[in-house]
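Here is a friendly walk through one protein model, written for someone who likes to know the cut-offs behind each term. Please keep the viewer open as you read.

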Amino acid sequence: MTRWSRRLLFGALAVLVPALAGCEAGLNAPTLEYHPAAFGGYATHDGTSIENAFVLGSSTGVAVPRAGVFFSMVSQDGDRLVSISAPGTAPLVKIPGGAVNLPAQVPVDLTGPEPEVVLAGLSSPLMAGSTVTMNFNFARVGTITMQVPVEPQAYEYATYSPPPSLAAPKPSASGSASASASPTATP
């Protein structure tokens, strides 16, 4: 290879490498905009955190009697989620498995695709983009109140299941009620 050939090769590389590296820079590049890690709400109090909390609303805008709530929790010193309320939105917030234990520094995911927390008795549709005020009541740290965003059952949430019916258990063929869920959920 001659000296001129090498110079042309290095010159071409110097011009092409930035172009081929995906230089999508410019004044409106997607990397210049803020993008949240997740769309849910976050709250922390006294070492207990609720992460990526969201309510799955209807994708059609039609009022449904129930909506699922999805979130993760972690507690630095351990705790227990005793109950949840959504004043002004749902007269009943049900944790079908009962209270949820949070072992120290172990994440507990209630993130689906089937909801483990259900807002029941909704009389109006929960529209995507709105928020629901929710009170998470813990045994150790007390109440954590936060605004939980409503996401549509579309896009990445399209495969999430609707909330289960909160009706009483049906009797089995032998005439006794079916077994209920364990009173605690663990990770």
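## Strand β8 and its partners

In β8, Val118 is the bridge partner of Lys94. This is a predicted model, in which local features need pLDDT of at least 70, side-chain atom pairs count only at pLDDT 80 or more, and totals for chains, interfaces and linings use all residues. Residues are numbered from 1 along each chain as its sequence is written, and side-chain values use heavy atoms, with hydrogens and water left out.

Strand β5 (residues 92-94) and β8 run antiparallel and are joined by three bridges; two strands count as paired if DSSP finds at least two bridges between them. β3 also runs antiparallel to β8, with four bridges, and here Ala67 stands opposite Leu119. Both faces of β8 are covered: Val117 and Leu119 on one side, Val118 and Ala120 on the other, are all buried. Buried means under 20% relative accessible area, exposed over 50%, and partly exposed in between, using a 1.4 Å probe and protein chains only.

## The overall layout

The protein has one helix and ten strands, in the order α-β-β-β-β-β-β-β-β-β-β from the N terminus. Helices (H or I, at least four residues) and strands (E, at least two) are DSSP runs, numbered from the N terminus.

Of the 187 residues, 32% count as buried. The protein exposes about 11,200 Å², and carbon and sulfur atoms supply 59% of this area; accessible areas come from the Shrake-Rupley method with a 1.4 Å probe, and for residues only the protein chains shown count as cover. Among contacts with a separation of 6 or more, 66% come from residues 24 or more positions apart, where contact means heavy atoms within 4.5 Å.

Which residues touch the most other members of the largest nonpolar core? They are Val55, Phe71, Met73, Leu81, Leu119, Met134 and Phe136, out of 31 residues in that core. The elements that give it two or more residues are β2, β3 (66-75), β4 (79-85), β6 (100-102), β7 (108-110), β8 (117-120), β9 (131-138) and β10 (142-152). A nonpolar core here is a set of buried Ala, Val, Leu, Ile, Met, Phe, Trp, Tyr and Cys residues joined through side-chain atoms within 4.5 Å. In soluble globular proteins, nonpolar side chains tend to be buried together.

Phe136, back in the largest core, touches residues including Ile50, Phe71, Leu81, Ile144, Met146 and Val148, not counting residues up to four places away in sequence.

β9 and β10 form a hairpin with three residues between them. The two strands run antiparallel and are joined by eight bridges, with Asn137 standing opposite Thr143 in β10. By contrast, β2 and β10 pair in the parallel sense over three bridges, and Leu56 stands opposite Glu151 in β10.

Two threonines are worth a look. Thr131, in strand β9, is partly exposed, with a relative accessible area of 47%. Leaving aside neighbours within four places in sequence, Thr131 is in contact with Gln147, Val148 and Pro149. The C-alpha atoms of Thr131 and Val55 are separated by 8.4 Å, although the two are 76 residues apart along the chain.

## Backbone details to check

Most residues other than glycine have a negative phi, and most peptide bonds are trans. The peptide bond from Gly112 to Pro113 is cis, with omega near 20°, and Pro113 is found in the loop between β7 and β8.

Asp46 has a positive phi, near 50°, and lies in the loop between β1 (41-45) and β2. Tyr155 is not a glycine either, yet has a positive phi of about 55°. Tyr155 lies in the segment after β10 and is exposed, with a relative accessible area of 73%.
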